[in-house]
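This report covers domain arrangement, chain contact and overall fold. The sequence and structure come next.

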Amino acid sequence: MLPFTLEKVTSVQAAIAAASSGRRFIAGGTTLIDLMREEVDQPAHLVDINALPLSEIRIEGSDLVIGALARMTDIAAHAGVQRLHPLVAESLVEGASPQLRNMASIGGNLLQRVRCPYFRMHDAPCNKRSPNSGCAAIDGLNAGHAILGTSNHCAATHPSDVAVALVALDATMQVRGPRGERTFPVEELFRLPGDTPHLEHTLLPGELILAVRIPGGPDSRRARYLKVRDRASYEFALVSAAAALDVEDGVIRQARLAVGGVGTRPWRLRTVEKALIGKPLDRKIFETAARLALEGARPLSGNHYKLELLPRTIVRALEMAGEAA
Amino acid sequence: MTTNVIGTPLPRVDGRAKVTGAARYAADFNQGGQAYAVIVGATVGLGRVTGIETAPVEKMPGVVAVITHRNGPRLPYAPHKSYIDPATGERLHVLQDDQVHFYGQPVAIVVADTLDQAERAAAALHISYTAERPLVDLADPKARPVVPAAGKQPDARLPADTARGNADSALADAPVKVDEIYEIARENHNPMEPHATVAAWNGNRLTLWSKSQFVVNEQAEIAAVFGLPPENIQVICPFIGGAFGTSLRTWPHVTLAAVAARQVGRPVKLVLTRKQMFFMTGHRPRTLQRMALGATADGKLTSIVHEGTGETSRYEEFMEALTSVTSFLYSTPNVQTRYRLLPLDIGTPNHMRGPGEASGVFALECAVDELSYKLGIDPIELRRRNEPAIDEGENKPFSSRSLMKCHDLAAERFGWSRRLPEPRSMRDGRLLVGMGMASASYPAFHAPADARARLLADGTAEIEVAASDMGPGTYTSMTQVAAETLGLPVERVRLSLGRSDYPPAPSHGGSWTMASVGSAIRAACMAVQEEAAKRPQGGRPIEATASAQRDPDVAARFSMHSFGAVFAEVAVDPDVGTIRLRRAVGAYGIGRVVNPRLARSQCIGGMIGGMGMALMERTVLDPRDGRPVNAHMADYLLPVNLDIPQLEAHFVEEIDPHVNALGVKGLGEIALVGMAPAIANAVFHATGKRVRSLPIRIEDVLTV
C-alpha cells in the first residue's frame, strides 16, 4: 500500500472543500482499502467522512430517504424499508457478506469499482485502470463479464446489487458540490464505458452524495429481487433481476425491471417493461417479453450462457413479483 | 489400571488454546530485530528475466536487501527427496538462474524493516522479461502426455499401467457399455492459515518456525538445499491452521526466508499472500479421465478400462493415486488402467485431500451410476452385484471391508427407499430434486514412526513426537492413546508435537497419522511402563523412546483399505439452474474410531471439501500467460455457511485385527472421496443431464 494522509471531517462543507482540492472520500472502505492494498487505487490523501450526519434512514410520505452513509446492514434491517421497499432490503442482503455489509455505506456501494480480475492485476492491461493500455478481458477469461453496454475497451459489469434495485425503482440521488446541490436519477450516475472506461460515474469534482430517495409506488411493496449465482452467499451475480409489477384485476398496469451481472451499468429494461403493460400475469407473456432484453447483447467468448440465463432470470423474477402482486 | 479413553468423544485438548489465541502458529513466532521479506513473482508464464532494476528499490525507505538470481547466493541444492516429493525430476532451484518456468515463480525477494516497506518495495521493483506463450491447458492438442517414469518401475507404488484379463476386448464384447470422459478442474488447498516461515540463523545453525505438515522432512530438505548437516536445522511448528496437503512439501519460500535471513544477518519473517498460494505451493492437478465399463445385461461388470491423465510441471513428475482404486473396488475379470502425465508450464502440483482417489473415484463412481441407468438397476444393487470377495487386483484378502454395510447404513439413514428411480421425476414445488450415491475408498497406510514417553515424579506423563496436527485433532486423539496405554487420566498427559528434534514421524497426511504415530506412542508408553517396572522412580523422570511399524508379513498378506458410502440430495432450479446440496449422509468403515466427536468433525469437513470439488472449486488459468485469474477468496468459490446443509457422518462397527495393534485405518482423506460423484449423480437424477466435468455450475445445467 502506498503511504497516504487521512483527515477526518465533521461537516459536509469541509468534506466538499477537501474533495474540491483533489482529496478522496473514504466511508466504509470495503472497496477502497482492498484496492489500495493491491495498489490498483493509489489515493495520496483521504478524507474520512464517517462522522458526517448522513446516516439517517427515514420515511417521507411514501418515499424512502437513505442517508449516503447508512450501512447496508442497517438499511436492510430497517422496519420501514422492509415494509415499504422489500426489494431494497432483499437486494442488500443478497450482496457481499455480513462483515462487509456492516461497514459498507449505500453511497460507497453505488460507487464501488468493478470486479473484473484484470482490473485488479497490475501486470495485465486494463483501460479502466490505466487508460489506453488495452483490455485483457475482451480476449481473455470473461465468463463474468457484461453482454450489454460493452465497448471494445471494457466489458466489466457493475457489481452492485442494490443499484439494480434502485434503478428499477426510479430512485434519485441528492448530491452537493462546490457549485451547490443537485438531484438526478440514480440511473444517470453510471456511465457506459465507451472509449473512456476509466470514467465510471457522473459526479462532478468535489461532489458528495448526501442521500438516495426512493419513491413509493403501488408496485414497490411487492417488488422482488432475484440473484442467480453458483454459491448461496458472498458471490457476485451471474445474472440478477429486480422486478416490480403493478397488477389490477390480473392485468399488468405498470412494470419496472432492471438487471445486474449483464450490463456495464445497472441495466433498466424499458422495452421489456413496455411489452408487459396491459398483459396478464402469464409465463408465456413473460418469456416473450424477456427475450427483448437481449436486444443489442454482445456476448464474449466466455459468457454466452448469459444469453440463456438472462431471460430465464427475468421470467422468474417477474413470476416472483407477480406472485407477490 | 485402564482408563478406556479410546473411543470416547473427548473435546479437543487444545481447543481452549486455539480459541483464546494462546496457540502459536508459524507467523506468531516473531523474533527480536526481525526484518520482513516479500516475494516478487514472475509476471510472465514462460521465459527469462532480462533485467531487474534493484538500485531504485534499494534506496526506498526501510529496504534492507533486494535479492535476485544475480546477487543471491548459489545454493548447493544437494540431492534430496522424500516420499512426499515427486520421484522423477528435480525441485525448483529458486533464484539460481534467469529462467521462468511458470507464472508467479519467485524471481526476487525484498527485505525491509517493516512489512509495509517490504510490500511497497516489492511492488515498485521493475523486472523485464523475454516471454513466450506457456502451455497451461491440459486439453491443448499441442500437449504431449508422458508415461510417468516412476510408474514404469516393476515395484511401483503407483504403476503407470496395470492389467488383468483383457479389458479392451472384453469391453468390445460387452452387451452394455459406458465409455465417457470425465474432467476435474485444478483446485487449490486454500487453508485458512497462509504459508509462513520465520527464519533465524545462529552461525551455521538455522531455526525455522515454519508451517509444515512434515517438520523432519523440512529439516532434511533445507539442510540439503544449504549443504548443511540436518542437525544444524531446527524446524518448529506446533500448530497448523489447516493445510489439506499444501504444507507436506517444503516449498521455495522456506528456502527464500532462510536465504534472506542469512543475507541480512537478522531473523526474517515471510508470509505468503493468499494470491501467492494459488501458484507457489502446489494444487490438485487438473485431470482428464476416460472411464469405460462393460457389463452383462444383469449388471455383472465384465470390463473396466480407466485411462487417466493429470497435469504436472515441466521439471517434476507429480503422481497421485488416480487409477489405484479401479483395480479393487469391484469384482471383474478384466481391468486395464493407464496413468499418464502431461507436463505443462505450471508449478508442480501436490497432494490435496484425498489425492488421486478423490479424482479417480469420481470418474469410476459416475460411470457406475451411468451404467445403473442403462441397466435399469438400482445403483446400490448394482454395486452389491459386483462386490468382490477379495482384492482382485492384488489377489489377496482385504484385512476388512465394510463397504456394503456402509451402503446399507447410509441408505437407511438417508431414506434412499423414497427415491423414484426415473431421472427428473422428483420435485419439491418448482425445484427438481435428485438423489445420488457413490462409494468411497482410501488406503489404510502405515509408516514407521518413533515417539518418546516420559513419566514424571508428579504422576504426569509427557509425550513427544515430531508429528503435526493440521486440524483433525491429533493432539487430542494421541493424548487418548497415551492416556489409555499408560492408564492415566487424559489431563495428566501432555503431548508435544511439531519439532524436528523430537522422535521422527512420517508426514501428517495420507490418513496414516493415527496408525503410524498412534502405534509409536502406544509402543513408547508401553516401553516406559516396562522401564518404570524395572526400577523405582526416585524422583527422576523415566523416559523411553520406541518405534512402531506395520508387520511386513501381515502387510504382504492383506489388502488394507477404508471404505465408505456417500448419499447426497440436491435441488436444481429448472429456471435459472441453481444447484443446491440439500443434505448428505456418509457412512464409513475405518476400523476403530478413537474419538467419535473428532471423527465426525473430520468427516463433515471432508464432505464439505467434496462439495466444493463438485460444485464450486476451480482455479482458472489465463492461457496467454498462465496466470490464475481467480486467485482471490471472493472469486475462487468454496462453500460458505449458507451453502452447507445438514451433513451426517456414521461409522459402521469394524474390528480389523490386521492393520495395527490399535485397529485403526485412519480417517480424513476418505471423507472427501465419494462426495463429488454422489453429488454429480444426484444432479443427473434431478435434471436428466449428465455433467462429467467438475465443478458443475449453473451454466452446465441451463440447457436441460
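## Domains of chain B

In this predicted model, 19 residues of domain 1 of chain B are in contact with 17 residues of domain 2 of chain B. On the domain 1 side, the residues that touch domain 2 of chain B are 11 nonpolar, 6 polar and 2 charged.

Domain 1 of chain B is assigned to two segments, 398-446 and 553-704, while domain 2 of chain B covers 447-549. Taken over C-alpha atoms, the centres of domain 1 and domain 2 of chain B are 34 Å apart.

## Contact between chains A and B

Chain B contributes 26 residues to the contact and chain A contributes 22 residues. On the chain B side, helix 3 (115-124) and helix 15 (698-701) each supply at least two residues. Helix 3 of chain B gives the largest share, with 4 residues.

The side of chain B that touches chain A divides by class into 11 nonpolar, 4 polar and 11 charged residues.

## Overall fold of chain B

Chain B contains 15 helices and 27 strands. Its radius of gyration is 26 Å, close to the 27 Å that the globule rule gives for 704 residues, so chain B is as compact as a globular protein of that length. Along the principal axes, the C-alpha atoms of chain B fill a box of roughly 75 × 75 × 50 Å.

Of the 704 residues in chain B, 61% count as buried. Among contacts in chain B with a separation of 6 or more, 82% are between residues 24 or more positions apart.

Note on methods: Residues are numbered from 1 along each chain as its sequence is written. Chains are lettered from A and ligands numbered from 1 in the order in which they are written. This is a predicted model: local features need pLDDT of at least 70, side-chain atom pairs count only at pLDDT 80 or more; totals for chains, interfaces and linings use all residues. Domain bounds come from an automatic or database domain assignment. Two residues are in contact if their C-beta atoms, placed from the backbone, lie within 7 Å. Ala, Val, Leu, Ile, Met, Phe, Trp, Tyr, Cys and Pro count as nonpolar, Asp, Glu, Lys and Arg as charged, and the others, Gly among them, as polar. The radius of gyration is taken over C-alpha atoms; the globule rule is 2.2 Å times the number of residues to the power 0.38. A residue is buried if 20 or more other C-beta atoms lie within 10 Å of its own, exposed if 12 or fewer, and partly exposed in between; C-beta atoms are placed from the backbone.
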